[in-house]
Amino acid sequence: MKEETWYMAVLVFVSSVEGGNNDVPLIDLQYRLVRASHVDDAYDKALELGTIEEHSYDNADGEVVSWTFAGLHDLSTIIDQDLAHGAEVYGTILRSSPEDYVVPKDHLTEYFFEENKDKTASEILEDN
């Protein structure tokens, strides 16, 4: 069995307030550690973490605030492999649309590198 590797998954959460103005919601980017034997397993585990972390609470005005997992912004290998699963190592909250941060699977760092590993920089730039 292949040794497991640590990955950094950037999870995108979006807030909504019941009865509030949700035109430009708050976005929470969470940088989470994921341990997996293959990048596809890391991807699946990152999605599971996002779903588990969804939550709601009542704010000071008695309104229900919900944080919903919108998807992944990035997935990349951690160079220092001596870490702990699921630890949030960095996060930021900003007001934006989740579409600004959630990217398709093939645009995630690990998949981009794998797809382009045999190309020169010029070839990659020509493709774009």
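**Close-up views of a predicted model**

**Figure 1. Surroundings of Asn116.** Beyond its neighbours within four places in sequence, Asn116 makes contact with Ile124 and Asp127. In this predicted model, Asn116 belongs to helix H2, which covers residues 109–116. Asn116 counts as buried because its relative accessibility is 8%, under the cut-off of 20%. Its side chain also reaches the backbone oxygen of Phe112, at 2.9 Å.

**Figure 2. Leu26 and the residues around it.** Leu26 is located in strand E2. With a relative accessible area of 26%, Leu26 is partly exposed. When neighbours within four places in sequence are left aside, the contacts of Leu26 are Phe13, Val14, Ser15, Trp67, Ile93, Leu94 and Arg95. Leu26 and Ser96 are separated by 70 residues in sequence, yet their C-alpha atoms are 5.9 Å apart in space.

**Figure 3. The largest nonpolar core.** This core comprises 18 residues, and Ala9, Leu11, Leu72 and Leu75 have the most contacts inside it. Two or more of its residues come from each of strand E1 (5–17), strand E2 (26–36), helix H1 (39–52) and strand E4 (64–77). Another core, of six residues, lies apart from it and includes Val10, Val12, Leu29 and Tyr101.

**Figure 4. Contacts of Ala9.** Ala9 is one of the residues with the most contacts inside the largest nonpolar core. Neighbours within four places in sequence aside, Ala9 is in contact with Gln30, Tyr31, Arg32, Val34, Ala46, Leu72, Asp74 and Leu75. Among these partners, Leu72 and Leu75 are likewise listed with the most contacts inside that core.

Definitions and conventions. Residues numbered from 1 in each chain as written. Predicted model: local features only at pLDDT ≥ 70, side-chain atom pairs only at ≥ 80, totals over all residues. Heavy atoms only, no water. Core = buried A, V, L, I, M, F, W, Y, C linked by side-chain atoms within 4.5 Å. Buried < 20%, exposed > 50% of the residue type's maximum accessible area, 1.4 Å probe, protein only. Helix = DSSP H or I, 4+ residues; strand = E, 2+ residues; numbered from the N terminus. Contact = heavy atoms within 4.5 Å. Polar contact = N/O pair within 3.5 Å; in protein donor to acceptor, adjacent residues only side chain to side chain.
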